[in-house]
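Please read the points with the model open.

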Protein chains: 2
Amino acid sequence: MAKAKTAIVKANTEEHIRARNEKMILKAAVELFSRKGFDGTRIAEIAQVSGLPKANVYYYFATKQAIYTRLIESLLAGWDKALEHISADREPREALAAYVAAKLEYSRKHTSESRLFANEMLGGGQFISRQQKQHVRAITRERAAVIQGWIKKGKLAPVDPNHFLIMLWATTQFYADFASVTAVTLGKGRLNGADFEEARKTIVEVVLNGAIAPMEPAKNSQRSLKIR
Amino acid sequence: MAKAKTAIVKANTEEHIRARNEKMILKAAVELFSRKGFDGTRIAEIAQVSGLPKANVYYYFATKQAIYTRLIESLLAGWDKALEHISADREPREALAAYVAAKLEYSRKHTSESRLFANEMLGGGQFISRQQKQHVRAITRERAAVIQGWIKKGKLAPVDPNHFLIMLWATTQFYADFASVTAVTLGKGRLNGADFEEARKTIVEVVLNGAIAPMEPAKNSQRSLKIR
DNA sequence: TATTTTCCTGACGATTTGGTCAAGTTTTTT
DNA sequence: AAAAAACTTGACCAAATCGTCAGGAAAATA
């Protein structure tokens with residue numbers, strides 16, 4: 001029995017004691033970094049929020065930057081998933097709708113991570129390695145190729161694939177990063193599930209079908225294609 | 001002549017000496033704040049960039065916050081202009097295209113200000129007064145009403161006006177705030193005029209007409225309206 | 001049980017930072 | 001020209017902050 005007990009304790013501590021504490025630190029850190037940026041965040045505060053003494057935080061992470069870059073890494077790791085919706089074998093209508101939905105969902109559930117990333121971008125991406133940048137660029141290229149494929153098949157209007165992707169990204173990202181403005185704009189304190197659903201519908205509708213009412217009389221028809 | 005000379009000197013200094021120095025300080029500050037955020041910016045650095053000794057900066061601005069809020073103010077002051085394009089007496093197609101163009105132009109010319117604002121939003125808008133928030137909300141409501149009017153006249157698809165506006169804002173804003181990502185995505189070092197033009201075209205095209213190719217055969221026609 | 005490894009933490013140090021001040025210079029006004 | 005007002009600045013300070021460290025507690029291993 002003593003043996004069994006030891007095993008249980010072991011399961012809860014060994015390997016776990018470190019994992020658990022690191023997790024707590026990172027959790028506190030992502031929230032603070034995302035709000036206050038790298039410089040604005042005090043590790044004393046990270047320590048306080050995570051319930052550990054400051055020196056203990058330093059036991060697990062050598063420097064403040066170590067915590068930060070660790071977060072950036074794990075963020076980028078989960079970044080690609082939504083983009084996978086944009087695959088060549090799907091119909092653009094369905095794929096794009098799924099992408100928007102997935103991205104918004106991500107924005108809603110991982111608000112802090114999103115903000116952290118935005119913060120990092122605003123700072124010029126100083127803490128993102130060359131490799132990581134190349135990765136972002138690579139997956140963007142892949143997806144741009146898919147879009148280009150759709151266009152060639154006549155399934156999509158001939159827009160610039162890169163800017164189109166940026167547009168989708170920007171729109172969905174916005175709801176995570178600027179939740180405060182968005183809430184103010186909508187006259188609310190906080191965004192709820194219904195707001196995100198309304199956002200999703202609006203974005204999908206506009207991106208797929210455009211904002212101009214399709215049944216509009218050909219009043220300006222002679223100019224309707226001038227834009228492109 | 002002595003008199004004339006005095007007058008000239010006066011014009012260049014009196015009233016100007018303050019104006020000029022404040023301008024230099026603010027110019028340096030907006031660049032730094034926009035990159036490093038409020039906490040990340042050292043006023044010693046502001047002083048250095050603006051070429052003044054630190055104590056002199058404090059002669060013109062009582063605190064760091066004073067500089068910051070001053071910038072936020074002047075930013076919001078120039079904020080409404082682009083939105084004015086969305087007016088009830090214009091055709092939506094033309095008005096929206098003009099708005100996107102104007103907003104992108106602003107993003108391009110006032111990159112730092114835009115980033116500063118984004119930074120402030122990420123932080124939750126701590127330094128924006130209640131009045132200023134109300135102002136943002138008020139002008140958004142006005143424009144949402146215009147959009148709603150267009151929809152009622154059948155000129156616009158029945159989308160949520162607020163989310164539609166947010167979408168436009170997000171998309172255009174993105175190019176200022178995340179220029180670094182955008183550049184990486186496009187595989188460039190920096191965005192030039194042509195990039196912004198391509199962005200404009202893409203956004204306008206998608207927002208007005210949608211991404212789905214209009215002449216597509218009615219393959220999925222039975223589902224084509226499912227989304228909304 | 002003994003020993004080794006991992007974990008914990010209060011106290012401390014070096015440095016940085018926002019902000020002050022007093023003494024001076026330049027400009028404006030009278 | 002003299003007095004007043006506006007501007008300039010090197011030196012300084014108190015508080016905050018990142019990171020260190022030594023010594024002890026807990027846990028794993030033998």
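Among contacts in chain A between residues at least 6 apart in sequence, what share joins residues at least 24 apart? The share is 66%. Contact here means heavy atoms within 4.5 Å.

1. Ground rules. This is a predicted model: local features need pLDDT of at least 70, side-chain atom pairs count only at pLDDT 80 or more, and totals for chains, interfaces and linings use all residues. Residues are numbered from 1 along each chain as its sequence is written, chains are lettered from A and ligands numbered from 1 in the order in which they are written, and side-chain values use heavy atoms, with hydrogens and water left out.

2. Chain A in outline. Chain A has eleven helices and zero strands. Helices (H or I, at least four residues) and strands (E, at least two) are DSSP runs, numbered from the N terminus. Of the 228 residues in chain A, 50% are buried. Buried means under 20% relative accessible area, exposed over 50%, and partly exposed in between, with a 1.4 Å probe and protein chains only.

3. How the copies are related. A rotation of 180 degrees, with 0.0 Å of shift along its axis, superposes chain B on chain A at an RMSD of 0.1 Å. The two copies are thus related as by a two-fold rotation axis. In chain B, the C-alpha nearest the axis belongs to B:G210, at 1.7 Å.

4. Extent of the interface. Chain B puts 65 residues in contact with 67 residues of chain A. About 6,700 Å² is buried between the two chains, 67% of it on carbon and sulfur atoms. Buried area is the accessible area (1.4 Å probe) that two parts lose on being put together, summed over both. The copies meet through the same surface, because 100% of the interface residues of chain B are also interface residues in chain A.

5. Make-up of the interface. Eight residue pairs are in polar contact between chain B and chain A, both residues being at pLDDT 80 or more. A polar contact is a pair of N or O atoms within 3.5 Å; within protein, one must be able to donate a hydrogen and the other to accept it, and residues adjacent in sequence count only if both atoms are side-chain atoms. On the side of chain B that touches chain A, α12(B) gives the largest share, twelve residues. That side divides into 28 nonpolar, 19 polar and 18 charged residues. Ala, Val, Leu, Ile, Met, Phe, Trp, Tyr, Cys and Pro count as nonpolar, Asp, Glu, Lys and Arg as charged, and the others, Gly among them, as polar.

6. Salt bridges across the chains. There are two between chain B and chain A. A salt bridge is a side-chain nitrogen of Lys or Arg within 4 Å of a carboxyl oxygen of Asp or Glu. A:D39 pairs with B:R42, the closest N and O atoms being 3.7 Å apart. A:R42 and B:D39 meet at 3.8 Å, N to O. A:R42 lies in the loop between α2 (16-40) and α3 (43-50) of chain A and B:D39 in helix α2 of chain B, so this pair joins two chains. A:R42 is partly exposed at 40% relative accessible area. B:D39 is partly exposed too, at 28%.

7. B:H163 sits in helix α10 of chain B. B:H163 is buried, at 3% relative accessibility. Setting aside residues up to four places away in sequence, B:H163 touches A:Y175, A:L186, A:D195, A:E198, A:A199 and A:T202. One of these, A:D195, also forms a salt bridge with A:K188, with N and O atoms 3.0 Å apart at the closest. A:D195 is buried at 8%, while A:K188 is partly exposed at 36%.

8. Inside chain A. A:Q173 lies in helix α9 (residues 161-177). A:Q173 is buried, at 4% relative accessible area. A:T69, in helix α5 (residues 64-77), is partly exposed at 25%. The side chain of A:T69 reaches the backbone oxygen of A:A66 at 3.3 Å.

Note on methods
Least-squares fit on C-alpha atoms with pLDDT ≥ 70 in both.
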